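Thank you all for coming; I would like to take a few minutes to walk through one structure with you. Please have a look at it first, and then I will go through it piece by piece.

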Amino acid sequence: MRKFLVISIPIVTTVLFILVMLSDKVLKNPLTNDDNIPAVIDSIRDEIKKDNWAEASNKALQLTNTWDKITKRVQFSAEKDEINGFYKSLARLNGAIEAKDMSDAFMELNEAYEHWVNLGK
């Protein structure tokens, strides 16, 4: 029995760590109706195109809340640089929306989307 435990515990632990490290591709996808990052980014883009800055600001807040949820799920498996890059893009997006600068807002949305795509690669 002791020999079995000495061999099986490291194997089970290694498999568990590998599964956790590879889980970001699954866990970044929406699990509920309110955690779909690409859909929220598209809705912000649509509001900016309509020149509806108040609604874009509300959607940006929704994007921040959604990102906070997803970060908790992928924090052990995703690159920290991608997580921090997404937060920086959100901060700059909020500034661009506040300044009502369409080109900066689109740049930050595209950068946030690239961080999202690269999460888990």
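Predicted model: local features only at pLDDT ≥ 70, side-chain atom pairs only at ≥ 80, totals over all residues.

Is T71 buried or exposed? Its relative accessibility is 11%, and because the limit for a buried residue is under 20%, T71 counts as buried. If we leave aside the neighbours within four places in sequence, the residues in contact with T71 are I83 and Y87.

From there I would like to turn to the core. The largest nonpolar core has 25 residues, and those with the most contacts inside it are I37, I44, I48, L63, W67, F86 and L93. At least two residues of this core come from each of four helices, namely helix 3 (37–49), helix 4 (53–74), helix 5 (80–98) and helix 6 (102–118), and the largest share, seven residues, is supplied by helix 4.

Now to helix 3 itself, which has 13 residues and reaches 18 Å from its first C-alpha to its last, close to the 18 Å expected at 1.5 Å a residue. Its buried residues are I37, V40, I41, S43, I44, R45, E47 and I48, and what covers them includes helix 4, helix 5 and helix 6. Just after helix 3, D51 takes a positive phi of about 65°.

How do helix 3 and helix 6 pack? Their axes are 11 Å apart and the angle is about 170°, which means that helix 3 is roughly antiparallel to helix 6. On the helix 3 side the contact is made by I37, P38, I41, I44, R45, I48 and K49, while helix 6 contributes M102, A105, F106, L109, N110, A112, Y113 and W116.

D104 and R92 are twelve residues apart along the chain, and their C-alpha atoms are separated by 8.3 Å.

Conventions:
Residues numbered from 1 in each chain as written. Heavy atoms only, no water. Core = buried A, V, L, I, M, F, W, Y, C linked by side-chain atoms within 4.5 Å. Buried < 20%, exposed > 50% of the residue type's maximum accessible area, 1.4 Å probe, protein only. Expected span 1.5 Å × (residues − 1). Contact = heavy atoms within 4.5 Å. Axes fitted to C-alpha atoms, helices over the stretch in contact; angles between N-to-C directions. Parallel < 35°, antiparallel > 145°, perpendicular 65-115°, else oblique.
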